[in-house]
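Colleague: Please give me a close look at a single part of this model, and take in its surroundings too.

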Amino acid sequence: MLLWNLDAVNEWLMRWEKIFLLLIFPAFSVAASEELPVAPEGFGVPEKTLENPRLPQLIPGIAPAKPKSLMGFKKIQELTGPPDHPMVMPTDVAIGVKGQVYVVDSGNNRILVFAEDGTYLFAFGSPGEGEGQLLAPVGITTASDGSVLVADRGNHRIQVFDANGNFLKSITTRVGKQYVSPVDVVLGDDEKHLYVTISAPIHRVFVYNNKGRSDLVWGKPGSNLGDFRYPAAIAVGTHDDVYVVDVFNSRVQVFDFSGKILATVGSWGITPGKLFRPKGVTIRKDGMIFVSDSYLGVVQAFNSDTRFHAVLGNKGDIGYFDTPTGLATDGKRRLYVSEMLANRVSVLWLER
């Protein structure tokens, strides 16, 4: 059973591919030199993937699981920012320690802050290269002390702010003398390490210690396990596992804290449990993995063992979103979905 009509998919591909070529977010777009992925052998049936006790092996020839039940949701809020200066192309969202919602308003080079009930509070950041200024920011995360970390892509750095948006410090992202552009950032469970995705031309994950030095570098350009083609969103799971959205390889790769590959989530396709252009990932406290697919306009849920669980939807219908990218969850069964080209963040209450 196909989740999405093939003609509709092709129509959306042509439309969004042209739009994304004009954008300034390589990991959230399509490079002109890249071709669309080619359907692998046995399209429509699961591939046998990584040998790992945490990842149950799927046997070729067995049809992928159909979504016997959708994961129901109710939209309870829609965040758009101040009426006189609304958000433009939000790319990511994060939840603060007091329930504040931080949204990367990338088109306006700033961060918008909302109360837990959706009330707009304030913004920080402005276009530029100075301390506290932003240029094409993409990813965001928060720390237990309330600080906010932003992947300031255009300025080749991670900037750190306090909960009120005051600048604290920055970490330059570079390889030797070459400056590179961060896409997303997340702290490890112990908050002693910082994981940063770096897109073209590096296609790697950098690991920084608490002194701002890069201790480890994971991956290389390619399609093998552990390789990346446009790594984008990054999240840390319940066991300090690191989840990296590997956009052009149509998967999410799971690593331990040292960079050892543990598992993969999804693979190329348009059936349930498959991914075409994954962009966002977040892990709920119970281990449920949520992945957004910007082209197909859906959010899918995977169990903690990485097997497909459900598609978000209601009353037998799949829920569609407008270019979903960054995701976030809180401890109250809410899921925050950045809808990039709709210029909003939708707040969903999940039924389970």
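Modeller: Gladly, and one term comes before the rest: a strand here is a DSSP run of E with at least two residues, numbered from the N terminus, and two strands pair if DSSP finds at least two bridges between them. This is a predicted model, so local features need pLDDT of at least 70 and side-chain atom pairs pLDDT 80 or more, while totals for chains, interfaces and linings use all residues. Residues are numbered from 1 along each chain as its sequence is written, and side-chain values use heavy atoms, without hydrogens or water.

The part I would pick is the largest pocket, with a volume of about 980 Å³. A pocket is an open set of points on a 1 Å grid where a 1.4 Å probe fits, with protein on both sides within 12 Å along at least five of seven lines; lining residues have an atom within 4 Å of a point. The volume is the space filled by probe spheres set on the points, which are joined across faces, edges and corners. The lining has 41 residues, and those closest to the centre of the pocket are Ile95, Thr141, Thr142, Ile283 and Thr329. At least two lining residues come from each of strand 2 (90-95), strand 6, strand 12 (182-187), strand 16, strand 20 (278-283), strand 26 and strand 27.

Let's start with strand 6. An open sheet with antiparallel pairing runs in the order 6-7-8-9. Strand 6 (140-142) and strand 9 (167-172) are its edges, and each has a single partner strand, so one side of each has no neighbour in the sheet. For strand 6, antiparallel strand 7 (residues 148-152) is joined to it by three bridges. Thr141 stands opposite Leu149 of strand 7, and Thr141 is also among the residues closest to the centre of the pocket.

Next comes strand 16 (residues 231-236), where six of six residues are buried, that is, under 20% relative accessible area, with exposed over 50% and partly exposed in between (1.4 Å probe, protein chains only). Four bridges pair strand 16 with strand 17 (residues 242-246), again in the antiparallel sense, and Pro231 faces Asp246 across that pairing. The two strands form a hairpin with five residues between them, and Asp240 in the turn has a positive phi of about 65°.

Strand 26 brings Gly326 into view. This glycine counts as buried because its relative accessibility is 2%. Leaving aside residues up to four places away in sequence, Gly326 touches Thr91, Asp92, Val93, Gly280, Tyr336, Val337 and Ser338, a contact being heavy atoms within 4.5 Å. Its C-alpha lies 8.6 Å from that of Met340, 14 residues apart in sequence.

The side chains of Lys332 and Glu116 form a salt bridge (2.7 Å, N to O), meaning a side-chain nitrogen of Lys or Arg within 4 Å of a carboxyl oxygen of Asp or Glu. Lys332 sits in the loop between strand 26 (324-329) and strand 27 (334-339), while Glu116, 216 residues away, is in the loop between strand 4 (110-114) and strand 5 (120-124). Glu116 is partly exposed because its relative accessibility is 29%.

Glu339 is buried at 1% relative accessibility, whereas Arg344, at 22%, is partly exposed. Shared partners also join Glu116, Asp330, Lys332 and Arg334 into one salt-bridge network.
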